[in-house]
Amino acid sequence: MLELRNAEACYGKAQALHQVALAVRPGQVTALVGRNGAGKSTTLKTLMGQMRLAGGSRWLDGQDVSTLAPEQLSRRGVALVPEDRQIFAGLSAEENLQLATVSHGAGPWTLERVYTLFPRLRERRSAQGTSLSGGEQQMLAIARALMTHPRYLLLDEPTEGLAPVIVEQIVAAIAEIRTAGMGIVLVEQNLHVPRQLADHYVLLDSGRITWRGGRDDVGDALEDMLSGLSGHVA
Ligand SMILES: Nc1ncnc2c1ncn2[C@@H]1O[C@H](COP(=O)(O)OP(=O)(O)OP(=O)(O)O)[C@@H](O)[C@H]1O
């Protein structure tokens with residue numbers, strides 16, 4: 001289990017997270033929802049060790065890993081797919097994937113396995129990062145994270161701005177990864193994608209968790225809370 005216990009995080013003097021408690025379990029998808037600026041990305045960065053904890057703690061499989069750097073957490077099986085994807089533009093799709101192999105070695109995820117998950121990437125394996133579409137870049141970003149052999153995968157708005165047909169492919173891939181036992185945190189601004197995947201929901205507002213519930217608890221109330229907060233929920 002990957003956990004934050006009463007996590008606090010700050011940008012300079014501005015506190016972005018207040019007492020955030022979150023547990024990510026193997027084989028389950030936790031959806032982190034909330035409006036722009038609510039603290040969703042900051043929560044993922046705090047799970048990944050990219051944000052220093054100003055208070056509280058981070059735990060991985062029962063061990064306090066509050067002071068570990070992102071590289072150390074990556075080696076222990078945590079991977080973040082950032083909102084901007086960070087594809088190496090001058091490298092081919094396959095070279096982007098091979099870089100992860102260089103840094104993390106062989107393991108359960110191989111080129112063959114990620115190409116089976118995302119057949120489009122096999123077709124585009126020689127294409128430069130710059131020539132990939134937004135959807136292909138997102139698939140590549142997820143595939144590259146998988147090549148680090150994570151047990152916990154943190155996805156920051158993986159379907160933002162993508163065509164519905166691509167969104168469905170990414171949703172299907174996330175569902176398959178979950179079945180393989182991955183613990184997943186899915187950040188989204190709306191409920192469309194989480195409704196197809198999430199076991200648990202956490203609503204963030206101004207850096208605080210203001211609501212949490214299971215798949216069966218999600219109804220109009222959460223929809224209303226989200227639309228009341230953001231005004232542009234799908
Ligand atoms: N690099 C930064 N420096 C200063 N403040 C930041 C920085 N990144 C985020 N913040 C602030 O921290 C708060 C939480 O931002 P965060 O990006 O975590 O929200 P979010 O829910 O992911 O929103 P979005 O959907 O826009 O990505 C916001 O008030 C934001 O302005």
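**Figure 1. A look into the largest nonpolar core of this predicted model.** This core has 61 residues. Which of them touch the most other members? The answer is Val114, Ala143, Leu153, Leu154, Ile184, Val185 and Leu186. Helix α6, covering residues 134-146, gives the most to this core, with seven residues. Now pick out leucine 153 and look at what it touches: Ala79, Ala145, Ile177, Met182 and Ile184, leaving aside residues up to four places away in sequence.

**Figure 2. The shell around the ligand.** Around the ligand you can find Tyr11, Ala14, Ala16, Gly34, Asn36, Gly37, Ala38, Gly39, Lys40, Ser41, Thr42 and Gln189. Sorted by type, the residues of this shell are four nonpolar, seven polar and one charged. Which element supplies the largest share of the shell? That is α1, with three residues. Both β2 (14-24) and α1 (40-48) supply at least two residues each.

**Figure 3. Glutamine 189, a member of the ligand shell.** Where does this residue sit along the chain? Glutamine 189 is in the loop between β8 (183-188) and α8 (194-197). Is glutamine 189 buried or exposed? It counts as buried because 20 other C-beta atoms lie within 10 Å, and the cut-off for being buried is 20 or more.

**Figure 4. An open sheet of four strands.** Follow the strands across and you get the order β2-β1-β4-β5, with antiparallel pairing. At the edges stand β2 and β5 (63-64), each with a single partner strand, so one side of each has no neighbour in the sheet. Strands of a sheet pair through backbone hydrogen bonds, either parallel or antiparallel. Zoom in on β1 (residues 2-11) and β2, and you'll find an antiparallel pair with seven bridges. Which residue of β2 stands opposite tyrosine 11? It's alanine 14, and both tyrosine 11 and alanine 14 are also part of the shell around the ligand.

**Figure 5. Strand β9 and its partners β3 and β10.** Why is β9 (residues 200-205) described as largely enclosed by the rest of the structure? Five of its six residues are buried, and that is the reason. Strand β3 (residues 29-33) runs parallel to β9, and four bridges join them. One spot to look for is leucine 32, whose bridge partner in β9 is valine 202. With β10 (residues 208-214), β9 pairs in the antiparallel sense over six bridges. Here, histidine 200 has glycine 214 in β10 as its bridge partner. The hairpin of β9 and β10 has two residues between the strands, and serine 206 takes a positive phi near 50° in this hairpin.

**Figure 6. Stepping back to the protein chain.** How many helices and strands are there? The chain has nine helices and ten strands. Its radius of gyration is 17 Å, close to the 17 Å given by the globule rule for 234 residues, so the chain is as compact as a globular protein of that length. Along the principal axes, the C-alpha trace spans about 45 × 40 × 35 Å. Buried residues make up 40% of the 234 residues. Of the contacts with a separation of 6 or more, 69% are between residues 24 or more positions apart.

Notes:
Residues are numbered from 1 along each chain as its sequence is written. This is a predicted model: local features need pLDDT of at least 70, side-chain atom pairs count only at pLDDT 80 or more; totals for chains, interfaces and linings use all residues. A residue is near a molecule or strand if its C-beta atom, placed from the backbone, lies within 6 Å of it. Ala, Val, Leu, Ile, Met, Phe, Trp, Tyr, Cys and Pro count as nonpolar, Asp, Glu, Lys and Arg as charged, and the others, Gly among them, as polar. Two strands pair if DSSP finds at least two bridges between them. A residue is buried if 20 or more other C-beta atoms lie within 10 Å of its own, exposed if 12 or fewer, and partly exposed in between; C-beta atoms are placed from the backbone. A nonpolar core is a set of buried Ala, Val, Leu, Ile, Met, Phe, Trp, Tyr and Cys residues joined through C-beta atoms within 7 Å. Two residues are in contact if their C-beta atoms, placed from the backbone, lie within 7 Å. The radius of gyration is taken over C-alpha atoms; the globule rule is 2.2 Å times the number of residues to the power 0.38.
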